[in-house]
Amino acid sequence: MAEGAAGGTGRRRGRRAAEPARPLGSLTRQDQPHALGTEECGSCGSRQLTRLRLTLADGTEVTFVSCHSCEHRAWIPVDGDGTELTREQVMERSARR
Ligand SMILES: [Zn+2]
């Protein structure tokens, strides 16, 4: 089994390393605990994740999760029950009023 180390070549062609697209919101201290349900990817179950603590413009503290395997991205409120925000909710909460 020599394959595996090289990783799936067809999956993320044209993308550089594991740098997530710049997420919405501002970075907060990275030593704070992450939201529930962010240990694994909500889409594929992978634990190869980038997790960042962010604060959206309306003050909502979230964990931003970016999956290395399937590129699923999620914003999950830190004080919630692990339910992801929808993209619309993220946009709403990121808008300056
Ligand atoms: Zn995934």
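Student: How many disulfides does a search of the whole structure find?

Tutor: The search finds zero disulfides, where a disulfide is a pair of cysteine sulfur atoms within 2.5 Å. Please keep in mind that this is a predicted model, in which local features need pLDDT of at least 70 and side-chain atom pairs count only at pLDDT 80 or more, while totals for chains, interfaces and linings use all residues. Residues are numbered from 1 along each chain as its sequence is written, and side-chain values use heavy atoms, with hydrogens and water left out.

Student: OK, so which residues coordinate the zinc ion?

Tutor: The zinc ion is coordinated through the SG atoms of Cys41, Cys44, Cys67 and Cys70, at 2.3 Å. Donors here are N, O and S atoms within 2.8 Å of the metal (3.2 Å for Na, K and Ca), and water is not among the atoms, so sites may look incomplete.

Student: Why is the arrangement tetrahedral?

Tutor: It is tetrahedral because the four donor atoms around the zinc ion subtend angles of 107 to 113°; four donors count as tetrahedral if all angles lie between 85 and 135 degrees. For reference, the ideal angle for four tetrahedral donors is 109.5 degrees.

Student: And what spacing do the donors follow along the chain?

Tutor: The donors of the zinc ion follow C-x2-C-x22-C-x2-C. Strands (E, at least two residues) and helices (H or I, at least four) are DSSP runs, numbered from the N terminus.

Student: Is Cys41 buried or exposed?

Tutor: Cys41 is buried, with a relative accessible area of 6%, while Cys70, at 31% relative accessibility, counts as partly exposed. Buried means under 20% relative accessible area, exposed over 50%, and partly exposed in between (1.4 Å probe, protein chains only).

Student: Switching topic, what is the order of the strands in the sheet?

Tutor: The four strands form an open sheet in the order E1-E2-E3-E4, with antiparallel pairing, and the edge strands are E1 and E4, each of which pairs on one side only. Two strands pair if DSSP finds at least two bridges between them.

Student: How many bridges join E1 to E2?

Tutor: Two bridges join these antiparallel strands: Ser26 has Thr55 in E2 as its bridge partner, and Leu27 has Leu54 in E2. E2 and E3 also pair in the antiparallel sense, over seven bridges, and they form a hairpin with five residues between them, where Gly59 in the turn has a positive phi of about 95°.

Student: How many residues of E2 are buried?

Tutor: Six of its seven residues are buried, so E2 is mostly covered. Of the 97 residues of the chain, 27% count as buried.

Methods
Four donors count as tetrahedral if all angles lie between 85 and 135 degrees; four count as square planar and six as octahedral if opposite donors are over 155 degrees apart and all others between 65 and 115; anything else is irregular.
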